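Have a look at it first, then read on for the main points, grouped by topic.

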Amino acid sequence: MKQALLIFVKNTEKGKVKTRLAATVGDEVALFIYQKLLNHTQKCTQALTIYKIVYYADYIENNDVFSHLDYEKKLQIGNDLGERMQKAFIDAFENGYDKVAIIGSDCFEITTEIIEYAYLQL
């Protein structure tokens with residue numbers, strides 16, 4: 001079975017991440033929090049033996065926490081999040097993956113074990 005994990009991220013730009021949170025704490029703090037969440041997501045996915053693809057919202061970041069050695073990098077395509085996710089799933093299945101899951105980059109509760117369990121359920 002070929003397995004793929006699709007990780008949807010926003011580009012780390014002040015004023016474009018965690019905007020609802022930024023309304024109360026400011027853009028700088030919101031960006032700092034989002035960067036912490038990206039680091040957490042990377043740590044939770046790094047050791048997985050599943051093929052990993054990071055989908056960036058606006059442009060592909062080359063020098064971020066997601067190494068080219070462990071993650072393929074692609075650009076999200078579509079007019080809204082639902083369409084972007086659908087296109088990513090279709091792309092994965094068309095490339096021969098049998099089990100595909102998608103996660104965002106801002107869930108501090110995610111763990112490696114939760115992701116592994118998700119693939120067992122698939």
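**First look**

The side chains of lysine 14 and glutamate 28 meet in a salt bridge, with N and O 3.0 Å apart. Lysine 14 sits in the loop between strand E1 (3-9) and helix H1 (19-25), while glutamate 28 belongs to helix H2 (residues 27-45), so this pair ties together parts that are 14 residues apart in sequence. Keep in mind that this is a predicted model. Besides salt bridges, the points below cover the sheet, a pocket and a loop residue.

**Salt bridges**

- Side chains of opposite charge can pair when their charged atoms come close.
- Search the whole structure and you'll find six salt bridges.
- Back to the pair we started with: glutamate 28 counts as exposed, because its relative accessibility is 53% and the cut-off for exposed is over 50%.
- Lysine 16 has a salt bridge too, with glutamate 13 as its partner, and their closest N and O atoms are 3.5 Å apart.
- Both members of that pair are partly exposed: lysine 16 has a relative accessible area of 43%, and glutamate 13 has one of 24%.
- Glutamate 72 and lysine 74 form another salt bridge, where the closest N and O atoms are 3.9 Å apart.
- Glutamate 72 counts as partly exposed, at 27% relative accessibility.
- There's a network here as well: salt bridges link Glu72, Lys74 and Asp91.

**The sheet**

- Four strands make up an open sheet, and they line up in the order E3-E2-E1-E4 with parallel pairing.
- Strand E3 (72-75) and E4 are the edge strands, so called because each pairs on one side only.
- From one strand to the next, the twist averages 25 degrees.
- E1 runs parallel to strand E2 (residues 51-56), and six bridges join the two.
- Across that pairing, phenylalanine 8 stands opposite tyrosine 55 in E2.
- E1 also pairs with E4 in the parallel sense, this time over five bridges.
- Here leucine 5 has alanine 101 in E4 as its bridge partner.
- E4 may be an edge strand, but four of its five residues are buried, so E4 is largely enclosed by the rest of the structure.

**The largest pocket**

- Rolling a probe the size of a water molecule over the atoms shows where empty space is left.
- The largest pocket holds about 440 Å³ of space.
- It's lined by 20 residues, and the closest to its centre are Phe8, Lys10, Leu81, Ser105 and Asp106.
- Which elements give two or more residues to the lining of the largest pocket? They are E1, H1, helix H3 (81-94) and strand E4 (99-103).

**A loop residue with a positive phi**

- Where is lysine 18 found? Lysine 18 lies in the loop between E1 and H1.
- The phi of lysine 18 is near 50 degrees, which is a positive value in a residue other than glycine.
- Buried or exposed, or in between? Lysine 18 is partly exposed, and its relative accessible area is 24%.

Terms used
Residues numbered from 1 in each chain as written. Predicted model: local features only at pLDDT ≥ 70, side-chain atom pairs only at ≥ 80, totals over all residues. Heavy atoms only, no water. Salt bridge = Lys/Arg side-chain N within 4 Å of Asp/Glu carboxyl O. Buried < 20%, exposed > 50% of the residue type's maximum accessible area, 1.4 Å probe, protein only. 1 Å grid on protein atoms, 1.4 Å probe; cavity = no way out; pocket = protein on both sides within 12 Å on 5 of 7 lines; lining within 4 Å. Points joined across faces, edges and corners; volume = space filled by probe spheres on them. Axes fitted to C-alpha atoms, helices over the stretch in contact; angles between N-to-C directions.
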